[in-house]
Amino acid sequence: MLSRTGKRIITALIVGKRSPAFRCVSSSPAEDEKFTSLYHEWWSESGSFAALHAFNELRVPLVRDALVQPNSSPTLPLLGRRILDIGCGGGIFSEPLARLGAEVLGIDSNTAAIQVARNHSTSDPELIERVRYVLGEVESLKVSEPFDGVIASEVLEHVTNWRNFLSTCCQLVKPDGFIFITTINRTWLSRALAIFVAERVLRVVPDGTHEWDKFIQPEELQFALQQEGFAVRLLHGASFQPWAQKWRWSSNTSVNFALVAQRLAQDPTPSGSNGTSDGRN
């Protein structure tokens, strides 16, 4: 029998870092209910979302380095930047970016997760003016202006039509702005680890959590982004070091990978969509 530590390692390798509270139109109420029951664990670095906290060691610098401006403050390098965190959950990714000076809007359709995020941020006066959270779906988000950066971390593999979802995300990025994506590749290895081992052998996640057909190959994602008027600037694989309980970048993209793309300046900026307000209007 695999030890508890071994199971946690496998979980982290496959699904532990995703932002599971985000629910699109296509997701099931059962998954939403599951993560509602874990609301009290969002900010426990040794709890169910431990790997999300650990993954920030890679995710936060990834965003910072793309959005940092020349002659910016060493302590607030993202001051003046606006970021949308789609599927923000309890705010694990949003808060560190706000602490770097960014104005962050987190959106999630899980009521409990949004409440956790709001409560946690209001406990720190430094964050009150920099991070806001809205309950809703990105497809109906109404904004006054596009963002410098849009994040979709561990979300694409859970939507019914990822191309339509991606198009919505891209429309929220300003010219010369960036989109940041982490997801799972569609390979024989991801099928073996993410579905067979994690769900059916170890049962560290519920059976049916992932659908292999919804996994996305980097080439497919790059092509779709190019069609949206974006140029891919970075593509990394991500792997877990169990002896150090840390993530590291890798050249191997066969399971987990991260992609950063920039919207070309000549691509026209849409005026926005109608629906859930970001609170600025």
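Author: Is Arg-263 buried or exposed? Arg-263 is buried, because its relative accessibility is 4% and the cut-off for buried is under 20%. Keep in mind that this is a predicted model.

Now place Arg-263 in the fold. Arg-263 belongs to strand S9, which covers residues 256-263. What does its side chain reach? The side chain of Arg-263 comes to 2.5 Å from the backbone oxygen of Val-173. Val-173 itself belongs to strand S6, residues 173-184. Another residue to check is Val-232. In sequence, Val-232 and Arg-263 are 31 residues apart. In space, their C-alpha atoms are 8.9 Å apart.

Next comes Lys-174, also in strand S6. Its partner is Asp-148. The two side chains form a salt bridge, with 3.2 Å from N to O. Asp-148 sits in strand S5, residues 147-153, so this pair ties together parts that are 26 residues apart in sequence. The two partners fall in separate accessibility classes. Asp-148 counts as buried because its relative accessibility is 7%. Lys-174, at 26%, counts as partly exposed. Arg-81 joins in as well: Arg-81, Asp-148 and Lys-174 are linked in a network of salt bridges.

Why do such pairs form? Side chains of opposite charge can pair when their charged atoms come close.

How many salt bridges does the structure hold? The count is 9. One of them joins Arg-132 and Glu-103, at 3.7 Å from N to O. Arg-132 is in strand S3 (residues 131-135) and Glu-103 is in strand S2 (residues 103-108), so the bridge ties together parts that are 29 residues apart in sequence. Arg-132 is partly exposed, with 26% relative accessibility. Glu-103 is partly exposed too, at 27%. Arg-130 and Glu-126 make another bridge, at 3.6 Å from N to O. Glu-126 is partly exposed, with 40% relative accessibility.

Turn to a helix now. Helix H5 runs over residues 111-122. H5 has 12 residues, so at 1.5 Å a residue it should span 16 Å. Its end C-alpha atoms are 17 Å apart, which agrees. Look at where the helix starts. There, a side-chain oxygen of Asn-110 comes within 3.1 Å of the backbone nitrogen of Ala-112.

Which residues of H5 are buried? They are Ala-112, Ala-113, Ile-114, Val-116, Ala-117 and Ser-121. Take two of these in turn. Ala-113 lies in H5. Ala-113 is buried because its relative accessible area is 1%. Gly-90 is 23 residues away from Ala-113 along the chain. Yet the C-alpha atoms of Ala-113 and Gly-90 are separated by 4.8 Å.

Ser-121 also lies in H5. Ser-121 is buried, with a relative accessible area of 4%. What does Ser-121 touch, beyond its neighbours within four places in sequence? Its contacts are Glu-95, Leu-127, Ile-128, Val-131 and Tyr-133.

Cysteines come next. A disulfide is a covalent bond between the sulfur atoms of two cysteines. How many disulfides are counted here? The count is 0. Take Cys-170 as a test case. Its closest cysteine sulfur is in Cys-169, 6.8 Å away, which is too far for a bond. The cut-off is 2.5 Å. Cys-170 is buried, at 2% relative accessibility. Cys-88 is buried as well, with a relative accessible area of 4%.

Finally, step back to the whole chain. The chain has 9 helices and 10 strands. Of its 281 residues, 54% are buried. The chain exposes about 12,600 Å². Carbon and sulfur atoms supply 51% of that area. Now consider contacts with a separation of 6 or more: 72% of them join residues 24 or more positions apart.

Technical notes: Residues numbered from 1 in each chain as written. Predicted model: local features only at pLDDT ≥ 70, side-chain atom pairs only at ≥ 80, totals over all residues. Heavy atoms only, no water. Helix = DSSP H or I, 4+ residues; strand = E, 2+ residues; numbered from the N terminus. Buried < 20%, exposed > 50% of the residue type's maximum accessible area, 1.4 Å probe, protein only. Polar contact = N/O pair within 3.5 Å; in protein donor to acceptor, adjacent residues only side chain to side chain. Expected span 1.5 Å × (residues − 1). Contact = heavy atoms within 4.5 Å. Areas by Shrake-Rupley, 256 points an atom, 1.4 Å probe, with all protein chains shown as cover. Salt bridge = Lys/Arg side-chain N within 4 Å of Asp/Glu carboxyl O.
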